[in-house]
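User: I am new to this structure and would like to learn how to read it. Could you walk me through a few of its features?

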Amino acid sequence: MKETLLINEMFGSVQGESTHAGRLCYFIRLAGCNLRCTYCDTDYSLKPTDGKEMEIDSIVKSVVDSGFKLVEVTGGEPLTQKNTALLCQKLINAGCEVLIETNGSIDISVLPEDVVRIVDFKTPTSGVSEQMLPENFRCLKVEDEVKFVIGGREDYEFALSMIEKHKIAEQTNNILFSPMWDKIELSDMVDWMTKDLPPARMQVQMHKFIWDPAVRGV
C-alpha cells in the first residue's frame, strides 16, 4: 500500500516567519487540525475534507522538481496525519532542509531528528491554551523554535511565565514573540520587551506586509 497524505496546497514563496524569514521556501500545507484557534488565518485547511490525497513520493518529487532547498510542512496541524513524519524523512533523504510548524498540542518526538520543529505554543487569546503539551519543551533541540502569538498584555505575560517555568531558553535560543495581525501595536511589543529583556526576539508576519493578508498560496 502506498503512503499518502491529505494536501491542502503546495507552493513556493518566501518564508514570512521564524528565524528563517526572508529565505526562499517551498510550503506543503496539510489538511486537518485538532484545534480551533480564535485567530486562525488558515481556516480553509482545518478539516480533512479540505485536502486532496497525494502519495508521499509524488509530493517529494514535486518539491525536488521545484528546485527549492528549504521546505516547510504546515497546516492545519500537520501532526494529525500519521504519515507526516515519513514525509519529513523522505524530504530529508532527498536533500531538503525541513521545517515543520506544529501547534504545540501533539507530541513532537515522533519527528525525525533532523527536522527543525517550530512549536506555536498557544496563548490565552487563542482560546485553546489549556490544550497545549508542555512536555514538548523537553524535546526541543537547540535549532528548534518556540513561537508565542501575542494578542495583548495577558498573552505577553503568559509567554514570559512559560519561558521561565519550563526553562525554554535553556533548550533553544529561538524564542519568538509574534504580534497578532491588526490586534496589537508593534511599538507596544517593543516597549514591553525593552523593559523586561526576555530571551526572545520579536517577529512580524512578513508575508502579510508583502501581500494582502487574505491572499492564499503566498
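Predicted model: local features only at pLDDT ≥ 70, side-chain atom pairs only at ≥ 80, totals over all residues.

User: Which residues of helix H4 are buried?

Analyst: First, the terms: helices (H or I, at least four residues) and strands (E, at least two) are DSSP runs, numbered from the N terminus. Buried means under 20% relative accessible area, exposed over 50%, and partly exposed in between (1.4 Å probe, protein chains only). In H4, which spans residues 186-196, the buried residues are Met189, Trp192 and Met193. Viewed down the axis of H4, they fall within an arc of 95 degrees (taken from the directions from the helix axis to the C-beta atoms), so they line one face of the helix. The general idea is that an α-helix has 3.6 residues a turn, so residues three or four places apart point the same way. On the other side of H4, Thr194 and Lys195 are exposed.

User: What do the buried residues of H4 pack against?

Analyst: Contact here means heavy atoms within 4.5 Å. The buried residues of H4 pack against strand S7 (145-150), helix H3 (153-165), strand S8 (175-179) and strand S9 (201-202). Just after H4, leucine 197 takes a positive phi of about 50 degrees.

User: At what angle do H3 and H4 pack?

Analyst: Axes are lines fitted to C-alpha atoms, for helices over the stretch in contact, and angles run from 0 to 180 degrees between N-to-C directions. H3 and H4 pack at about 35 degrees, with their axes 12 Å apart. Arg153, Tyr156 and Leu160 of H3 meet Met189, Trp192, Met193 and Asp196 of H4 in this contact.

User: How many salt bridges does the structure hold?

Analyst: A salt bridge is a side-chain nitrogen of Lys or Arg within 4 Å of a carboxyl oxygen of Asp or Glu. The structure holds 13 of them. In one, arginine 29 pairs with glutamate 9, their closest N and O atoms being 2.8 Å apart. Arginine 29 lies in strand S2 (residues 24-30) and glutamate 9 in strand S1 (residues 4-14), so the pair ties together parts that are 20 residues apart in sequence. Arginine 29 counts as buried at 10% relative accessibility, and glutamate 9 counts as buried at 13%.

User: Where do glutamate 157 and arginine 153 lie?

Analyst: Both lie in helix H3, 4 residues apart, about one turn of the helix. Glutamate 157 is partly exposed, with a relative accessible area of 36%, and arginine 153 is partly exposed at 35%. Elsewhere, salt bridges that share partners join Glu17, Glu101, Asp120, Lys122 and Lys147 into one network.

User: Is aspartate 114 buried or exposed?

Analyst: Aspartate 114 counts as exposed, at 57% relative accessibility. Its place is in the loop between strand S5 (97-102) and strand S6 (116-120). Not counting residues up to four places away in sequence, aspartate 114 touches Ile92 and Val98.

Key:
Residues numbered from 1 in each chain as written. Heavy atoms only, no water.
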